[in-house]
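The report below goes through a protein model from its overall layout to individual residues. Please keep the sequence and the 3D view at hand while reading.

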2 protein chains.
Amino acid sequence: MYHVTVTVKRRPVILDPQGKAVEQGARLLGFKNISNVRIDRLIEFTIQSEDQDAANEEARQLCTKLLTNPIMEDYELKISKI
Amino acid sequence: MYHVTVTVKRRPVILDPQGKAVEQGARLLGFKNISNVRIDRLIEFTIQSEDQDAANEEARQLCTKLLTNPIMEDYELKISKI
């Protein structure tokens, strides 16, 4: 079994409306020093597999087919045996 | 200036509907080995401050007042000078 952690981030050039909203909210609450807020996704899951290469390939496929939007987002995959 | 990374995770006992949806989606797409999917948030921002303790305190306050739901979520804060 493998534990997979995927960090999905929008590309830096692409606006992050959720981050902008948090930035405004922070300012309204009196936090004047906060800037460049980005909100990304951290996805964790388990793969039932005995072979690391197969698990890696499956995780990569899942990322491109379901978890990420390849047009706007980049992802980073970490895999570890459990 | 400090760069802050906050990882916000639902407590393990609390159901993650978004993760469950991804799990079902993965199964429908033919990924049979994926389980225990959890989708969490990764928040990054910059604090304009010269004092690490002050920056740390401000980040912590922002987390409890705006970024996290203390009833259902735990957060982890990493701060580094830039």
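## Burial, cores and selected residues

Of the 82 residues of chain A, 43% count as buried, where buried means under 20% relative accessible area, exposed means over 50%, and partly exposed covers what lies in between, with a 1.4 Å probe and protein chains only. This is a predicted model, in which local features need pLDDT of at least 70 and side-chain atom pairs count only at pLDDT 80 or more, whereas totals for chains, interfaces and linings use all residues. Residues are numbered from 1 along each chain as its sequence is written, chains are lettered from A and ligands numbered from 1 in the order in which they are written, and side-chain values use heavy atoms, with hydrogens and water left out.

Chain A contains 2 helices and 3 strands, these being DSSP runs numbered from the N terminus, with at least four residues of H or I for a helix and at least two of E for a strand. Read from the N terminus, the order of these elements is β-α-β-α-β. The radius of gyration of chain A is 17 Å, well over the 12 Å that the globule rule gives for 82 residues, so chain A is more spread out than a compact globule; the radius is taken over C-alpha atoms, and the rule is 2.2 Å times the number of residues to the power 0.38. The C-alpha trace of chain A spans about 50 × 25 × 15 Å along its principal axes.

Among the contacts in chain A with a separation of 6 or more, 71% are between residues 24 or more positions apart, a contact meaning heavy atoms within 4.5 Å. The accessible surface of chain A is about 4,700 Å², and 53% of that area belongs to carbon and sulfur atoms; the areas come from the Shrake-Rupley method with a 1.4 Å probe, and for residues only the protein chains shown count as cover.

In soluble globular proteins, nonpolar side chains tend to be buried together. A nonpolar core is here a set of buried Ala, Val, Leu, Ile, Met, Phe, Trp, Tyr and Cys residues joined through side-chain atoms within 4.5 Å. The largest such core has 20 residues, of which V4(A), V6(A), I43(A), F45(A) and I34(B) touch the most other members. At least two residues of this core come from each of β1 (2–10), β2 (34–47), α2 (52–67) and β3 (73–81) of chain A, and likewise from each of α1 (17–28) and β2 (34–47) of chain B. The element that gives the most to this core is α2(A), with 5 residues. A second, separate core of 19 residues includes I34(A), I39(A), V4(B) and L67(B).

Beyond its neighbours within four places in sequence, V6(A) is in contact with R41(A), L42(A), I43(A), F45(A), C63(A), Y75(A), E76(A) and L77(A). L67(B), in helix α2 of chain B, is buried, with a relative accessible area of 4%. With neighbours within four places again set aside, L67(B) is in contact with V22(A) from the other chain's numbering, and with R41(B), I43(B), F45(B), L62(B) and E73(B).

| Residue | Relative accessible area | Class |
|---|---|---|
| I71(A) | 68% | exposed |
| N36(A) | 51% | exposed |
| S80(A) | 34% | partly exposed |
| N56(B) | 24% | partly exposed |

I71(A) lies in the loop between α2 and β3 of chain A, and, apart from neighbours within four places in sequence, I71(A) is in contact with R11(A) and I14(A). I71(A) and V6(A), 65 residues apart in sequence, are 17 Å apart in space from C-alpha to C-alpha.

N36(A) is placed in strand β2 of chain A, and its phi is near 50 degrees, a positive value in a residue other than glycine. In chain B, N36(B) is found in strand β2, and phi of N36(B) is near 50 degrees.

S80(A) belongs to strand β3 of chain A and, leaving aside neighbours within four places, is in contact with M1(A), Y2(A) and H3(A). The C-alpha atoms of S80(A) and K20(A), 60 residues apart along the chain, are separated by 34 Å. N56(B), in helix α2 of chain B, touches L77(B) and I79(B), not counting residues up to four places away in sequence.
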